[in-house]
Amino acid sequence: MAKRVVQRGLAIVLVGLAGYAVAPGCVIRVGPGDEDGAWPGSSDGAPEGGASGDAPVDDDSGGSSPADDGTGGSGPADDGTGIGPEEQQLAEEAYAHLDPEELAFASALAGNMTCALAGAVETAQLDPTAIDDETLRALLEQYAPGAMEQARAWLSGTDPAMLAYRVMPKFECERDYGCKYNSPCQQGYIPAVGHLCYVDDCGKAKCPTCPDFVNDLLQNIAIQSWCSYVCVKIGTSPPEVVAVGAGAISALRNIFFGPVCMPYP
């Protein structure tokens, strides 16, 4: 325990030196995905370093995800995600009926906002021994508006037709990182209409410009992984995007927080 506290204390110092270089390892791709929602040459089907050992453990706290059963099943009833075929079909239909350019821009906006939000939390020079659930929840909500502004600035002038997007939600994020595959907005902007947020991307929180030994310390201060969401109005035809959201898995207790939402467009 003492060693862990010392390591996290050192991480805070390193975060201060790293400054704004600390951010999740997000990549905004250009061009459409394939029929499975992945991009050529990508490793979107599994987390960095493989799925083994990365999934959160169930602690009955609401932040768990089903463990990979290792069956390798590819059918809708047994694809290793732990999500039923009917639930997957509803989510896929929602994505299929969205305007492609709207989905592309919302996906990119959600990913960039989530990256900026996780990076802001990790560079807040927090005391790792004092990051409880309420503190992390409050920080996510506090930094979300600024993260959204930064994401919009990054994407200003971007042609939505040139942005990549998924043709279906990334269901494996629940298995691999502990993200909820769908949820209404829980923090920040709460749409006044019926809606569901679908997980669109996920990954480990890390500093992309730092040596591996620095990431070993940095990535476990507050957030160990991130999840981005596209939030869709339900009960309408065609569906429309009403918000984008960010989720995070806490490093301290391995619990899912979010989605923290911001309005779209």
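**Figure 1. Helices α3 and α4 pack against each other at an angle of about 130°.** In this predicted model, the axes of α3 and α4 (residues 133–155) lie 7 Å apart. Axes here are lines fitted to C-alpha atoms, for helices over the stretch in contact, and angles run from 0 to 180 degrees between N-to-C directions. The crossing of the two helices is right-handed, a term used if the near helix is turned clockwise from the far one by less than a right angle, with anticlockwise giving left-handed. On the α3 side, the residues that meet α4 include F105, L109, M113 and L117. Their partners in α4 include L136, Y143, M148 and W154. Contact means heavy atoms within 4.5 Å.

Residues are numbered from 1 along each chain as its sequence is written, and side-chain values use heavy atoms, with hydrogens and water left out. Because this is a predicted model, local features need pLDDT of at least 70 and side-chain atom pairs count only at pLDDT 80 or more, while totals for chains, interfaces and linings use all residues. Helices (H or I, at least four residues) and strands (E, at least two) are DSSP runs, numbered from the N terminus.

**Figure 2. C115 is a buried residue of helix α3.** Look for C115 in α3. What is its relative accessible area? The value for C115 is 7%, and buried means under 20% relative accessible area, exposed over 50% and partly exposed in between (1.4 Å probe, protein chains only). C115 and A151 are 36 residues apart in sequence, yet their C-alpha atoms are 8.6 Å apart in space.

**Figure 3. T129 sits in the loop between α3 and α4.** Is T129 buried or exposed? With a relative accessible area of 52%, T129 is exposed. Along the sequence, T129 and I221 are 92 residues apart, and from C-alpha to C-alpha they are 9.2 Å apart in space.

**Figure 4. Helix α2 has a buried face and exposed residues on the side turned away.** Twelve residues, 85–96, make up α2. From its first C-alpha to its last, α2 reaches 16 Å, close to the 16 Å expected at 1.5 Å a residue; the expected span is 1.5 Å times one less than the number of residues. Which residues of α2 are buried? They are Q88, A91, A94 and Y95. Seen down the axis of α2, these buried residues fall within an arc of 125°, so they line one face of the helix. The arc is that of the directions from the helix axis to the C-beta atoms. Exposed residues E86, L90 and A96 are carried on the face turned away from the buried side. The cover over the buried residues of α2 includes α3 (100–122), β3 (195–204) and β4 (223–233).

**Figure 5. S225 is a buried residue of strand β4.** Find S225 in β4, where its relative accessibility is 3%. Leaving aside residues up to four places away in sequence, S225 touches Y177, G203, K204, A205, G247, A248 and I249. Its C-alpha atom is separated by 7.5 Å from that of S250, a residue 25 places away along the chain.

**Figure 6. S183 belongs to strand β1 (residues 182–183).** S183 counts as buried, at 5% relative accessibility. Not counting residues up to four places away in sequence, S183 touches L196, C197 and P259.

**Figure 7. Two cis peptide bonds and a positive phi bring us to the backbone.** S237 and P238 are joined by a cis peptide bond with omega about -5°, and P238 is found in the loop between β4 and β5 (240–250). The peptide bond from Y264 to P265 is also cis, with omega near 5°; P265 is in the segment after β6 (256–263). In the loop between β5 and β6 lies N254, a residue other than glycine whose phi is positive, near 65°. N254 is buried, with a relative accessible area of 17%.

**Figure 8. The protein chain as a whole has six helices and six strands.** Read along the sequence, the chain follows the pattern α-α-α-α-α-β-β-β-α-β-β-β. Of its 265 residues, 47% count as buried. Among contacts between residues at least 6 apart in sequence, 73% join residues at least 24 apart.
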